[in-house]
Amino acid sequence: MCISLSLYVRLIEISGTMLVNISITEPRQMPRILIIEDDDVTADEIAAELASQGIYADRVVDGREGLARAADPCYDAITLDLMLPGMDGLSVIAGLRRQGITTPVLMISALSDVDERVRGLRAGGDDYLTKPFAPDEMLARVEALLRRQNQQVQQTQLRVADLELDLVRHSARRGNQKLSLLPTEFKLLELLMRHAGQVLTRAMIFEAVWGYRFDPGTNLIDVHIGRLRKKVDPAGHAMLIHTVKGSGYRLAQTD
Amino acid sequence: MRRLTDRWRTTTARLILIYGAFFALWGGIVIGLIYWQAASYLTRVSTDLLGRQASYFSMLDAPARAHALNDYVSLQTRRLNAWGMFDADGHHLAGTIAVLPHGITIDGSVALLPRGLVRNDGRTDTTGVRASAVRLGDGNILLISRDTSVAERIGTIILRALLWGLSLTVVPGLLGGWLLTRGPMRRVQMIREATQPIMRGDLSRRLPVSRHGDELDMLAGIVNTMLSEIERLLGEVKGVCDNIAHDLRTPLTRLRTRLYRLQQTFGEHSDESATLEACMVDTDALLHRFRALLRISELENHQRRAGFEQVDLGEILQEVHALYLPLAEDRDQRLELQLPILPSIHADRHLLLEAMSNLVANAIKFTPPGGRVSIRARAAEDGPWVDISDSGPGIPADQRDMVTRRFYRTESSRSTPGSGLGLSIVSAIVAVHGYALEIGDSDCGALLSMHCCTVASD
């Protein structure tokens, strides 16, 4: 059983109604992740990286046990190794989705073959990461999954500081200034704004905006971001699009 | 014509020619020997006979001699024998020979008169004769002759027999040989066709082996065993490379993670940051190279065409153009796109985009600022072509075959960052599709053409 839930129940018992009210308004402050992974080193790496961002993680080693634990609604996302003892990862996802559990799943596999990825996504996985991975890449993807989980409602407008994006009218505005964006730039900005405050790696950006999963060379995404930045962050305005060295980009209001 | 000369170069044809020549020579010697034996025997017999006859006639008395000489001529059918009676001065007295040949010795010895004799009916012999002259008791000269050309005629018959024999043996032999070489030549042709894909690098192919088990099959068997061994060794080498790349990726990724964490710990503006950044860039380059290497392996093993669908090539080119336009503009380059209406092709959309994107990225990388890169598609009957040309330094003609090899970089490109794997990825993708990649000349700079053959070349 989930520790937070039992802790939470105990807290209710101790402090009574007031705490319950607080908990209802802010039910999930700390996301919880379930790591289904049989390799200790990889599991430790994932856990450490998540912990560095204040995300708690539980770990199971076995596929069957993983499926049982994943049914617990206290988990906000699952990282799942596709090659597991007991039950393989694809069966775990299929089992989860059959039960109607929609917790987002980040599949992690040593196989980089496109077919493997397609099979995983078809089975109901949400994202795919090839081993070995950079932990920050993994973290960025988990955060994106968590964000997606929270954004179930269709938004028609995105706003970060004085930057506004109208998804219906396909228009963008910075302060009073209307921005004229090319279709690709619009998609890129939409992605960054949907994940405002969160680091997006170049690979994630390339996948999400262009829909392709090959290595387009290091500076291609940089050039596209550079163009967008010129339009979004004109002189005299606060910088919104930030470069995160060694990782990728983040759109955020700095103060 | 070429095939005909090829055919005469086969072992069978050569053996037949040698046997033919040998047979002709041997036949000639045998026939010559027989001829020589027969002729000398016939000559000896007729010479002997002529000598005896001459002495016999000279011993008879006149009436008996006249009678015997008459018999001598009339008892033979083919007018081989002749005689003449001359007075002491050589004037004709009687007989079928009109003129006593000049210079003949009148002692009963037999002489060969190659030009024959003049007969009393005015005719001159056409063949040589043997003759013997004796002086009779009354001083007259008796000349008897015998046509010995029969030996030569036998020789002619034997020679003719030899020619017929030779032609009846050698002509069908050569013809048969020519027909016999057809089978092996057809198989050589089959082997030649089978080696084409092997020479292009498809080591999984083997030479055809028939059920005959003859020398060609033995040879094909040996070559096939050799190919298997080469394939195994190459596979092993590639496997080792892939394993190294695969195994090194994990520690490299961890190294990069540690560097990243260190950088985070020190903060972005610390003294160590720049060094750490440089370390990370190098690690990234290594990781990128390993990824590309494994990607090529993956593509080479990607035999299935599961991801194949009808794809709009024009759309892909437009996407690639849009994707790389900002990059080109950043380098003050013009990125042109010429797109006629193209039929859709059967391909893997993602792979094709990856290949095109690699080609365009390469062209942009090697073109100096202010240059031009052009993506041009043209329709052809057997599938559209995509030409990607640039105004860079170009690829020297002698290095064009090499640039698609793993890690190969031209001399001039060594100073540019890169792994030398981009074109290998492209050529692996091209191979998956059964397309062709040609590297040629543009007015200036490099020209890489991809032919999206609609008809499979293999």
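How do α4(A) and α5(A) lie relative to each other, roughly parallel or roughly antiparallel? Keep that in mind as you open the viewer, and remember that this is a predicted model.

**Stop 1: colour chain A by confidence**

Start with the pLDDT colours. Chain A has a mean pLDDT of 81, with 85% of its residues at 70 or more. Now pick out residues 1–28 of chain A: here the pLDDT is below 50, and beyond near neighbours in sequence the stretch has eleven contacts in the model. Where pLDDT is low, the predicted coordinates should not be read in detail. So let's move on along the chain.

**Stop 2: the pair from the opening question**

Select residues 63–70 of chain A, which are helix α4, together with residues 89–98 of chain A, which are helix α5. Their axes sit 10 Å apart and the packing angle is about 25°. Since angles under 35 degrees count as roughly parallel, α4(A) and α5(A) are roughly parallel to each other. Their crossing is right-handed. To see who touches whom, show Gly63(A), Gly66(A), Leu67(A) and Ala70(A) on α4(A), then Gly89(A), Ser91(A), Val92(A), Gly95(A) and Leu96(A) on α5(A). The contact of α4(A) with α5(A) divides into four nonpolar and five polar residues, with no charged ones.

**Stop 3: another helix pair in chain A**

Next, select α8 (residues 183–194) and α9 (residues 202–210) of chain A. These two pack at about 125°, and their axes are 10 Å apart. That angle makes α8(A) oblique to α9(A). The crossing of α8(A) and α9(A) is right-handed. On the α8(A) side, look for Thr184(A), Lys187(A), Leu188(A) and Leu191(A); Ile205(A), Ala208(A) and Val209(A) meet them from α9(A). Sorted by class, the contact of α8(A) with α9(A) has five nonpolar residues, one polar and one charged.

**Stop 4: a hairpin in chain A**

Go on to residues 241–244 and 248–251 of chain A, the strands β11 and β12, which pair antiparallel over four bridges. Find His242(A), and opposite it in β12(A) you'll see Arg250(A). β11(A) and β12(A) form a hairpin with three residues between them, and in the turn Gly246(A) has a positive phi of about 75°.

**Stop 5: where chain A touches chain B**

Bring both chains into view. How many residues does each chain bring to the contact? Chain A gives 22 and chain B gives 27. On the chain A side, highlight α6 (114–123), α7 (135–150) and α10 (218–232), the elements that give two or more residues to this side. The largest share, four residues, comes from α10(A). By class, the side of chain A that touches chain B has eleven nonpolar, five polar and six charged residues.

**Stop 6: a sheet in chain B**

Finish in chain B with an open sheet of five strands in the order β7-β9-β10-β12-β11, where the pairing is mixed. Which strands stand at the edges? They are β7 (334–338) and β11 (436–441) of chain B; each has a single partner strand, so one side of each is left without a neighbour in the sheet. Direction ignored, neighbouring strands of this sheet are turned by 15° against each other on average.

Zoom in on β11(B) and β12 (residues 446–451) of chain B, which run antiparallel and are joined by six bridges. Leu437(B) has Met450(B) as its bridge partner in β12(B). Last, show helix α8 (residues 349–366) of chain B, which packs on the sheet and touches β9 (372–378), β10 (385–390) and β12 of chain B. The direction of this helix makes about 20° with that of β10(B).

Terms used: Residues numbered from 1 in each chain as written. Chains lettered and ligands numbered in written order. Predicted model: local features only at pLDDT ≥ 70, side-chain atom pairs only at ≥ 80, totals over all residues. Axes fitted to C-alpha atoms, helices over the stretch in contact; angles between N-to-C directions. Parallel < 35°, antiparallel > 145°, perpendicular 65-115°, else oblique. Left-handed = near helix turned anticlockwise from the far one by under 90°. Contact = placed C-beta atoms within 7 Å. Nonpolar A, V, L, I, M, F, W, Y, C, P; charged D, E, K, R; others polar. Pairing = 2+ DSSP bridges. pLDDT = per-residue confidence, 0-100.
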